[in-house]
Amino acid sequence: AGARWRDVMAAAAPHGLAGLCGSSSDVGAVGYTVGGGLPVLGRAYGYASDLVRSFQVVTPDGTLHETDAGREPGLFRALRGGKHAVGVVTSMVTELLPLRTLLGGGLWFPGEHAEAVLSAWCGWIRTVPDEMCTTFAL
């Protein structure tokens, strides 16, 4: 439960795999995921919580629960991004994706060009394949 996404990514990368982390790999994998986790690759693959297969969680009454889609499905759904304070997650099993290459970067423009840049970006994103994930920030 204490693993950061960067640790998961470093262990998965040699196998051509990747998890659905956000723009910062410095956050905890479990905390990010149970908070919903809209990853950089969300357009193509969905939320990080969509790939969770099971959790171990200690509920406020001190009970350890093993939960997945078949065992305690209500608790499992609540932990998969429900943002409820339902307990402390002690472990998580999540699916990794076969991604050998990930390209990324940023472009920076002066604020006075925001309207033109945003307009161009809006036109460009209509032309990219579903696997292409992009964001815009002001």
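Modeller: Let us begin with secondary structure, where helices (H or I, at least four residues) and strands (E, at least two) are DSSP runs, numbered from the N terminus; the protein chain here comes to five helices and five strands, which follow the pattern α-β-α-α-β-β-α-β-β-α along the sequence. This is a predicted model, in which local features need pLDDT of at least 70 and side-chain atom pairs count only at pLDDT 80 or more, while totals for chains, interfaces and linings use all residues. Residues are numbered from 1 along each chain as its sequence is written, and side-chain values use heavy atoms, with hydrogens and water left out.

Biologist: How many disulfides does a search of the whole structure find?

Modeller: A disulfide is a pair of cysteine sulfur atoms within 2.5 Å, and the search of the whole structure finds zero.

Biologist: Are Cys21 and Cys122 buried, partly exposed or exposed?

Modeller: Buried means under 20% relative accessible area, exposed over 50%, and partly exposed in between, with a 1.4 Å probe and protein chains only. Cys21 counts as buried because its relative accessibility is 13%, whereas Cys122, at 28%, counts as partly exposed. Of the 138 residues of the protein chain, 30% count as buried.

Biologist: What share of the contacts in the protein chain with a separation of 6 or more comes from residues 24 or more positions apart?

Modeller: Contact means heavy atoms within 4.5 Å, and such residues account for 55% of those contacts. As for overall dimensions, the C-alpha trace of the protein chain spans about 55 × 30 × 25 Å along its principal axes.
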